[in-house]
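Visitor: Hi! Could you walk me through how the helices pack in this one?
Guide: Happy to, let's bring it up.

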Amino acid sequence: MARERLEESVRLRRELGFLPGVAANLVGLCYIALAQGRRDDALALVEEAGTLAEATGAKAILRQAEEARGQL
């Protein structure tokens, strides 16, 4: 359920162009994927989150993505 809600939030934030919010949600989805044993998915999510956070100057989210990457 949480995964589906975060995925929907990502979709809506993309539509609105709120990319720092997309990045934040992707970090959350990364942790969910990791907990589900989907390491490849988690890696792809955290990479996109880091890219978006860096591109938008969202430093706190970039740190969160780096922390998540360290869990992989």
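Visitor: Which hand does the crossing of α2 and α4 have?
Guide: In this predicted model, α2 passes α4 in a left-handed crossing.

Visitor: And at what angle do α2 and α4 pack?
Guide: The angle is about 15°, and the axes of α2 and α4 are 10 Å apart. Angles under 35 degrees count as roughly parallel, so α2 is roughly parallel to α4.

Visitor: Which residues make the contact?
Guide: From α2 you have Pro20, Ala23, Ala24, Val27, Cys30, Tyr31 and Leu34. On the α4 side they are Ile61, Gln64, Ala65, Glu67, Ala68 and Gln71.

Visitor: OK, now α3 and α4. At what angle do their axes cross?
Guide: Helix α3 (residues 39-56) and helix α4 (residues 59-71) cross at roughly 160°, and their axes come within 8 Å. Anything over 145 degrees counts as roughly antiparallel, and α3 and α4 are therefore roughly antiparallel to each other. Their crossing is left-handed.

Visitor: Who meets whom between α3 and α4?
Guide: α3 brings Val46, Glu47, Ala49, Gly50, Ala53 and Glu54, while α4 brings Ile61, Leu62, Ala65, Ala68 and Arg69. By class, this contact of α3 with α4 has seven nonpolar, one polar and three charged residues.

Visitor: Let's go inside. How many residues are in the largest nonpolar core?
Guide: That core has 18 residues, and Leu26, Cys30 and Leu45 have the most contacts inside it. At least two core residues come from each of α2, α3 and α4. The largest share is from α2, with seven residues.

Visitor: What is Leu45 in contact with, apart from its neighbours within four places in sequence?
Guide: With those neighbours left aside, Leu45 is in contact with Leu26, Leu29, Cys30 and Ala33.

Note on methods: Residues are numbered from 1 along each chain as its sequence is written. This is a predicted model: local features need pLDDT of at least 70, side-chain atom pairs count only at pLDDT 80 or more; totals for chains, interfaces and linings use all residues. Side-chain values use heavy atoms; hydrogens and water are left out. Axes are lines fitted to C-alpha atoms, for helices over the stretch in contact, and angles run from 0 to 180 degrees between N-to-C directions. Helices (H or I, at least four residues) and strands (E, at least two) are DSSP runs, numbered from the N terminus. Angles under 35 degrees count as roughly parallel, over 145 as roughly antiparallel, 65 to 115 as roughly perpendicular and the rest as oblique. A crossing is left-handed if the near helix is turned anticlockwise from the far one by less than a right angle, and right-handed if clockwise. Contact means heavy atoms within 4.5 Å. Ala, Val, Leu, Ile, Met, Phe, Trp, Tyr, Cys and Pro count as nonpolar, Asp, Glu, Lys and Arg as charged, and the others, Gly among them, as polar. A nonpolar core is a set of buried Ala, Val, Leu, Ile, Met, Phe, Trp, Tyr and Cys residues joined through side-chain atoms within 4.5 Å. Buried means under 20% relative accessible area, exposed over 50%, partly exposed in between (1.4 Å probe, protein chains only).
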